[in-house]
Amino acid sequence: MAAAKSTRFDIKSYRGFKSITLLCLFILYAPLVVVTIYSFNASNSITTWEGASFHWYADVFTGPESEKFKSAAFNSFVIAIVAATLATTIATLAATGMVRGGKFRLRALSFGLISLPLMVPEIVTAVATLIFFNSIGFDRGTMTILLAHTAFCIPFAYLPISARMQGIEDSYEQAAMDLYATKRQAFTKILLPLMMPGIISGFILAFIVSLDDFIITNFVKGAGVETLPTAIFGSVKQGIKPNIMAISTMLLGVSVLMVTISYLVSKSDNTK
Amino acid sequence: MAAGAASGGSATTDTYKESRTWLLMPAWLTLSILVLAPVSMMLVYSFLTKEFRGGVIWEFSLAAYDQFFFDRGLFGDEAPKIEWTYILIFWRSIWQAGAATLLSLAIGFPTAYFIATRPEHSRPLWVFLITIPYWVNLLIRTVSMKFLLRDQGPFNDLLISIGLIDSPLHIVNTNFAVQLGLFYSYLPFMVLPIYAAVERYNFSLSEAAADLYASKWVTLRRILLPAVKPGVIAGCILVFVPSMGSFLAPDLLGGAKNFMIGSLIEEQFKGNAGNWPFGAAASMILMTMVLILLLIYARQQARAEKTEG
């Protein structure tokens, strides 16, 4: 902690900035930690603490609302896996076209189109998608959620993938083609494997975005179709119950795990 | 999403030039059909007549925009007056998003600066710590915030047990709770661009200022801040824009009194009581405001890049 002592003479550090950073981390994590702790509360009330137990976790899987949560979780995960797979495939192809496609007139426009879901406020995308499906007479249900998620996830998959591709020099592919590899072989045997960390990060981000989405899902889901966030929102409207905290903690765990994997994958490679 | 990305990145080669169209086709098709066409259809719907059980009648009408801006009395036959209800809701959204942006800046700037001045090998870990909560479900984060802050919640319990207050602070269902929720939702968007800007900053400029007897705070304000301004502006926009259209934070933390645009729009599509053309019109107005902001930002970034290189 010698650094702390010499603060006054160190041109780079400002007094108080470290405290603010720690405060910032505290604000970010305190609510999550508190909910995680209270999910293990044995009490029926969310206010009083009556010792630790797995009571509410058991309730999620076997309690009166378990059927609802199970089908919501099933929908959420199936939609997230399919939407993320589609979005990642589309984004990988698009990134190849954008980063390895030379200069072309529609390039700026294409980039604008790909990042459109990030620029339009989410609630506007939700309204627009609902109106669109309604106007073409497409019945709302699992399929509408899946389509909306696929489109919305594309930029989240695209950004890490294209960032990664920009970091790979094309000399590897050129070398392969000098040795009589076809372009297709250079793509599948050289570029794709080098791209893997970016593709995995992109897939994971798209997966989390789909799994977490509430607003778009809430608009385009049909009656009776629920995903975990819409099911949780429905319950929370009647007050926060302990079983919701148990579900939240599990979902929180999944997200943190996935992001950690993505972080480690992107950190592990140093081909640059 | 910070500078540079706006132009689509720079490094590009032309290995797959011939198949470019086929590579981009799936993205073009998906996004045109599922984002561009819907937004266009929303524009059309905002000029249609409402049907009373939700949905629309295909008849051109300016009623939605008229209802937004003008009050023509209960039977629609009085002289038009300005309708303040919806303008005030928009104004409140701008104000709330602005306050949340300032809060994020006040905490995000020192945090970003602190992270950017850590030893190089430990920076990614700090950034990772800041971004993890962002990837946790927004709904769960907002509910957690509500749980923590409510009158009988752990935060008030803590303050009472250490004797700081006698009766619980009423935080939930206030403007401040919404601002805190928005801050919590989008903080990484403030930290990351500022962090990127400070990391690129040449600290010998600060040293030169110090050699000339500038105090540390003068150096921060006069030398560092102008240099990292593009990052600060990027952060402010990235927090402000999603805050303005947010739905969960005002709905769960704000209660009925703190209605924002997001809730106004959502209400128009819920059940039979809604008004689809009006919801579409409100969405169009929101989107236009956001796109204007982003356009100003893009031009500002382009100018900053020009002066840099």
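A salt bridge is a side-chain nitrogen of Lys or Arg within 4 Å of a carboxyl oxygen of Asp or Glu. The exercises below concern a predicted model.

**Exercise 1. Determine how many salt bridges cross the interface of chain A and chain B, and examine a pair of side chains that meets the rule.**

Solution.
Step 1. Side chains of opposite charge can pair when their charged atoms come close.
Step 2. Applied across the interface of chain A and chain B, the rule finds two salt bridges.
Step 3. B:Asp251 and A:Lys237 meet through their side chains in a salt bridge, with 2.7 Å from N to O.
Step 4. Over all chains, the structure holds nine salt bridges.
Step 5. Within chain A, A:Glu173 forms a salt bridge with A:Arg100, and their closest N and O atoms are 2.9 Å apart. A:Glu173 belongs to helix α9 (residues 171–178) of chain A, while A:Arg100 sits in the loop between α4 (66–99) and α5 (107–114) of chain A, so the pair ties together parts that are 73 residues apart in sequence.

**Exercise 2. Describe the contact between chain A and chain B by residues and by buried area.**

Solution.
Step 1. In the interface, 99 residues of chain A are in contact with 90 residues of chain B.
Step 2. The size of an interface is often given as the accessible area lost when the parts come together.
Step 3. Between them, chain A and chain B bury about 8900 Å², and 77% of this area is on carbon and sulfur atoms.
Step 4. Of the area that chain A buries against chain B, 8% is supplied by A:Ile11, A:Tyr14 and A:Phe17, more than by any other three residues.

**Exercise 3. Locate the largest cavity and classify its lining.**

Solution.
Step 1. Rolling a probe the size of a water molecule over the atoms shows where empty space is left.
Step 2. The count comes to one cavity of 30 Å³ or more, and the largest cavity holds about 50 Å³ of space.
Step 3. Its lining consists of A:Pro117, A:Thr125, A:Thr129, A:Ala148, A:Ala151, A:Phe152, B:Leu34 and B:Val35.
Step 4. At least two lining residues each come from α7 (122–135) and α8 (142–166) of chain A and from α1 (20–45) of chain B; α8(A) gives the most, with three residues.
Step 5. By class, the lining has six nonpolar, two polar and no charged residues.

**Exercise 4. Describe the second largest pocket and state which element gives the largest share of its lining.**

Solution.
Step 1. The second largest pocket contains about 540 Å³ of space.
Step 2. Its lining has 27 residues, and A:Asn218, B:Glu266, B:Phe269, B:Lys270 and B:Gly271 lie nearest the centre.
Step 3. The elements giving two or more residues to this lining are α11 (215–220) of chain A and, in chain B, α10 (248–254) and α11 (261–268).
Step 4. The largest share, three residues, comes from α11(B).
Step 5. The lining divides into 10 nonpolar, nine polar and eight charged residues.

**Exercise 5. Identify where the pLDDT of chain A and chain B falls below 50.**

Solution.
Step 1. The model scores ipTM 0.84 and pTM 0.86.
Step 2. Chain A has an average pLDDT of 86, with 95% of the residues scoring at least 70. Residues 1–8 of chain A stay under 50, and the model has six contacts for them beyond four places in sequence.
Step 3. Chain B has a mean pLDDT of 85, and 95% of its residues reach 70 or more. Over residues 1–10 of chain B the pLDDT is below 50, and this stretch has 20 contacts in the model beyond near neighbours in sequence.
Step 4. Where pLDDT is low, the predicted coordinates should not be read in detail.

Key: Residues are numbered from 1 along each chain as its sequence is written. Chains are lettered from A and ligands numbered from 1 in the order in which they are written. This is a predicted model: local features need pLDDT of at least 70, side-chain atom pairs count only at pLDDT 80 or more; totals for chains, interfaces and linings use all residues. Side-chain values use heavy atoms; hydrogens and water are left out. On a 1 Å grid over the protein atoms alone, a cavity is a set of points where a 1.4 Å probe fits but cannot get out, and a pocket is an open set with protein on both sides within 12 Å along at least five of seven lines; lining residues have an atom within 4 Å of a point. Grid points are joined across faces, edges and corners, and a volume is the space filled by probe spheres set on the points. Helices (H or I, at least four residues) and strands (E, at least two) are DSSP runs, numbered from the N terminus. Ala, Val, Leu, Ile, Met, Phe, Trp, Tyr, Cys and Pro count as nonpolar, Asp, Glu, Lys and Arg as charged, and the others, Gly among them, as polar. pLDDT is the predictor's confidence in each residue, from 0 to 100. Contact means heavy atoms within 4.5 Å. Buried area is the accessible area (1.4 Å probe) that two parts lose on being put together, summed over both.
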